[in-house]
Amino acid sequence: MGKGGMSHGAGEGKDGGEVENKAAWLLGINTLQIQPFKLPPLGPHDVRVGMKAVGICGSDVHYLKTLRCADFIVKEPMVIGHECAGIIEEVGSEVKALVPGDRVALEPGISCWRCDLCKEGRYNLCSDMKFFATPPVHGCLANQVVHPADLCFKLPDNVSLEEGAMCEPLSVGVHACRRANIGPETRVLVMGAGPIGLVTMLAARAFGAPKIVVVDVDGYRLSVAKELGADETVKVSTNSQDIPEEVAQIHDAMGTEIDITFDCAGFDKTMSTALRATRSGGRVCLIGMGHSEMTVPLTPSAVREVDVIGVFRYKNTWPLCLEFMSNGKIDVKPLITHRFGFSQREVEEAFETSAHGGTAIKVMFNL
Amino acid sequence: MAEGEDNMAAWLIGVKNLQIQPYKLPPLGPHDVKIQIKAVGICGSDVHHFKTMRCANFIVKKPMVIGHECAGVIAEVGSEVKSLMVGDRVAVEGGIGCLRCNLCKEGRYNLCPDMKFFGSPPNNGCLANQVVHPASLCYKLPENISLEEGAMCEPLSVGVHACRRANITPETNALIMGAGPIGLVTMLAAHAFGAPKVVIVDVDEQRLSIAKDLGANQTILVSTNAEDIDEEVEEIQTAMGAWIDVSFDCVGINKTMSTALKATRPGGKVCLIGLACSEMTIPLTPAAAREVDIIGIFRYRNTWPLCIDLLKTGKINVKPLITHRFGFSQNEIEDAFETSAGGGNAIKVMFNL
């Protein structure tokens, strides 16, 4: 899957004739080109999906700007994008659960299903994971992709394709809330009101968190968080010396102890604040991946049995995300702030918009 | 002690200044017992208080009786005490939680903000002829367990609590950073909890050979040089021969924590027990991105019954850890603390009173 080449694409158009499949290829730093994307043949358990909605993630922007993300390096042209939803166009011979015409959200990562981690259900940690737009695996910003049917989740009637594409970032929040064990008794602090902080906040609320405080350096993002349901917001600085004061402000805002803190930024300052602000016996969930080495007051928090929980992507989250969206417990639509079509100029503009931050939360392609 | 004889204790008067002086006990409450102390161990934190008059945020501002690892014989029982009698041999859990706050009520009383702990200022400790203590924190010793082993329940409890929090089972291979007293009791506890294989590392050959004698499956000599981390992680993983499910950092410095985080398998846990540094610089993000969780440990809770059981059934043998013994006199307590502070082949220094 996802291996396709740059030669003439394959795929049927609506009238049965061949229509070339095109994709947005990352060719070099700041260089995206829409070019043909030849799909692999359809396996018995695969489906071919006509892409309809694709969101841009911070990691996509990072690849565009640097051709790498942590230890993953783009060494050859790669199709970008991993947050998507579309319509089934063709199903493999063994596929029973889906039919052409079904609207589906796609979970990007194909694990090996043979290693111990996969067999334990922690497939997100599989060392042979093949993940959309993590090199060398091609992504999904394309007219069509081929993907395993069991990673395509049928959308309820009242959930749109754009919301389907939002399942991917929302899954990060949902997985974090599960690992952190959010419930009706856990008061939550969220560090960072970017897209991940916001989906984490929405997920925490859906899991029953009675009170959520969100902090950020950006007043505008905090106002968005407030609109989306944050109980309180606190504006913080980038200056480490402000930590004790900010911890006091955060405690005032919460009014009581903080049980769980999500660091959705991942810097020394946010992690240090999180560790200090969380109550004895509480948990800090590190989601953001700002820096590799971090300098944090680990011992004073370990000595209060504040645990640090790691989060990597998600596992088994799509059904729950779709359930939350369908029953209205989570509304992701306000997060989609900018929309673009699938043309060369628009692809470039879309990435520029996303990279710029500011009022852009989720930039979405409609194909 | 005869009527009218002063109760004596080892008081920490100033930096490196311990004096045996009278210690007047509070009156016996209805739920208290008076214990004739027989065995008291010295802990690294006692030595730290001795040398610096502080330990983290706990500062010794007035004279304080030192010591918190003890066992003795019941000398008197309060009016409501039913479970213990005069003459009973008991191991003593040193910390009195408030039992009213949410943490106490949840059972996490070790985290109680009003904890009154032996030898943690301003609370007096137990290196004394007698102490008064709640009966509910005194645990009767079986016939085949000595008073010295009773005193060892305290450090052993740290290892037991860590193994519980880290969820050690017959399927979890464990790495232990540091073969000092805490590393060793953690190793003993890990084996008792069923860990199939335990690899232990240290910078000191002598301590590693003790660990080997006490049952370490493999030992590795490591350096103090951070540049050696990657190579050491490889050696450690090779020595384990399988994934490392849980690592215990019983030292608590950047190098040991960084090694632990890198060596532990995806989805595993690193348990931070050692309390050496306040701020730490560690590769936290790569570990979090492999869902390696960090579990904090503070003292213990509800561990004495299990420790006593493990000692009684022979699943754990702590006797080899007691390397030096002293009596309760002015020059012996000074000697004892010097010996403990000296490290080397001194693991647990024990007073016999």
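Tutor: Let us begin with one pair of residues in this predicted model. A:E305 forms a salt bridge with B:R108.

Student: Why is the pair of A:E305 and B:R108 called a salt bridge?

Tutor: The closest N and O atoms of A:E305 and B:R108 are 3.2 Å apart. The rule asks for a side-chain nitrogen of Lys or Arg within 4 Å of a carboxyl oxygen of Asp or Glu, so the pair qualifies. Across the interface of chain A and chain B, the rule finds 8 salt bridges.

Student: What is the area buried between chain A and chain B?

Tutor: The buried area is about 3,000 Å², and carbon and sulfur atoms give 53% of that. In chain A, the residues that lose the most area to chain B are A:L298, A:T299 and A:E305, together 21% of what that side buries. As for contact, 36 residues of chain A meet 36 residues of chain B.

Student: What makes β18(A) and β18(B) paired strands?

Tutor: Pairing requires at least two bridges, and 3 bridges join these strands, so they count as paired. The two run antiparallel, and the strand of chain B covers residues 280–282. In β18(B), B:T281 is the bridge partner of A:T295.

Note on methods:
Residues are numbered from 1 along each chain as its sequence is written. Chains are lettered from A and ligands numbered from 1 in the order in which they are written. This is a predicted model: local features need pLDDT of at least 70, side-chain atom pairs count only at pLDDT 80 or more; totals for chains, interfaces and linings use all residues. Side-chain values use heavy atoms; hydrogens and water are left out. Contact means heavy atoms within 4.5 Å. Buried area is the accessible area (1.4 Å probe) that two parts lose on being put together, summed over both. Helices (H or I, at least four residues) and strands (E, at least two) are DSSP runs, numbered from the N terminus.
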